[in-house]
Amino acid sequence: MKKLLGASALALVCITASAKAETINILVEGGGEMLQKAAAEKFSAETGIKVDFTVVPYQGVFDKFSAEIASGSSAFDVVTIDVVWNAKFASHVEDLAPLFTDAVRKDLPPALLADAKIGDKLIGMPAWANAEVVFYRKDLFDKPEEQKAFQAKYGYPLAPPKTWQQWRDIATFFTRDTDGDGKTDFWGTDTIGSFSEEWMAHVLQAGSPGVILDKDGKVIIDNEAHRKALEFYIAPHCIDHSVPENVNEIGWGEAQNLFYQGKTAMMKFWAHAYKMTPTDSKVSGKVGVAPMLAGDAGVGAIPGPWYNVVPSTSQHKEAAKKFIAFAIANNALGIEAPLGLAATNSAYNGYASKPGYEHFTPLLETLSAPATQGRPLNEKYQEIVDEAVLPAVQQALTCKADVGKVLADAKETIEDILE
């Protein structure tokens, strides 16, 4: 498949006009440069076209690209953008549909292909993708005494959780006072209160046709799946008490640190963290990975892909498209970078059986699951999250609010934003 993909992509670019530019400039954040540097070096060696990277912080990509659009000119030939900006920039970039050969389409998880399409236009090529999966402490799960105690209490074997109920059971089981001072100092997991994507993943697992909005842009945040998912999301905090109490102070970084410091038995986290587990952490060599949890609709997640787009104002469009086709054909080169991510199935499958990449099989299963899909491709998405979605999650996490009313109020706020 990998050879077929490469041949198809290269055959495509060979029939395009020869690139007139000797240099193309790519705007990207730091991690993106690392993931694409090897492909860029190989591209330059094979084509003679130099690739320069302009590296800025995450928000800098959005700000610089927005400024260039406003000015009507561009110093960039490729911009690597977060999927949440696809709708915002769709009308200012080239249609890359010719680069999506049959081989490329077959090699991409369906959710990544869907997120590339805005209207009738394929606005960007996935450069890499990520998703939350389940991390767990193998050393704890493998202890005979823990297995015996769990079986006796819950009536089924202790194993990496697959379902919502198993997640709650295992988290409750491992929450304990380890030093005998009467205070809980080890928790089964965490609950993230400062971001809403993790809750959205459960919405998809519950069978919602989308998160927040449906495919027609109708607000569905108050549907049954959203309600069930929010009730599940707050349960470890409000009912089971199997997570640290300061939930609204916990974000991705805090959740990661709790796990690395040996304070939690499990976490739902972005798959790249497996490779980046600090060697001096308390869990080094003890981490297992499983696919994201499954609800009534099966495994589901919110993927986190980034896309290479070509600004309409680029002066070197053909060279830029040639690079993008080359990069997807050689997508596996990014796996050797510190973040260790790719976008294609073939790239991940090529490493899945190698030591140190045990997280790739769960990641691929999660990315390709039927319930997995992206966030709403709406220009006002971030405003919707900031003004309605995250406040709803945080209000629910007070454990005092009616979940149905919280979601109904959020719906009204979102409808006002969309008017």
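Two strands count as paired if DSSP finds at least two bridges between them; strands (E, at least two residues) and helices (H or I, at least four) are DSSP runs, numbered from the N terminus.

**Entry 1, source.** I am working from a predicted model, where local features need pLDDT of at least 70, side-chain atom pairs count only at pLDDT 80 or more, and totals for chains, interfaces and linings use all residues. Residues are numbered from 1 along each chain as its sequence is written, and side-chain values use heavy atoms, with hydrogens and water left out.

**Entry 2, sheet.** I looked up the bridge partner of V134 and found K268 in β8. Strand β7 (residues 132–137) pairs with β8 in the antiparallel sense over 5 bridges. The open sheet has 3 strands, ordered β8-β7-β9, with antiparallel pairing. β8 and β9 (287–290) are the edge strands, each pairing on one side only.

I then checked the largest pocket, whose volume is about 680 Å³. A pocket here is an open set of points on a 1 Å grid over the protein atoms alone, where a 1.4 Å probe fits, with protein on both sides within 12 Å along at least five of seven lines; lining residues have an atom within 4 Å of a point. Grid points are joined across faces, edges and corners, and the volume is the space filled by probe spheres set on the points. I noted 23 lining residues, with Y58, D82, W270, G304 and W306 closest to the centre. β8 (266–270) and α16 (381–396) are the elements that give two or more residues to this lining. The largest share, 4 residues, is from α16.
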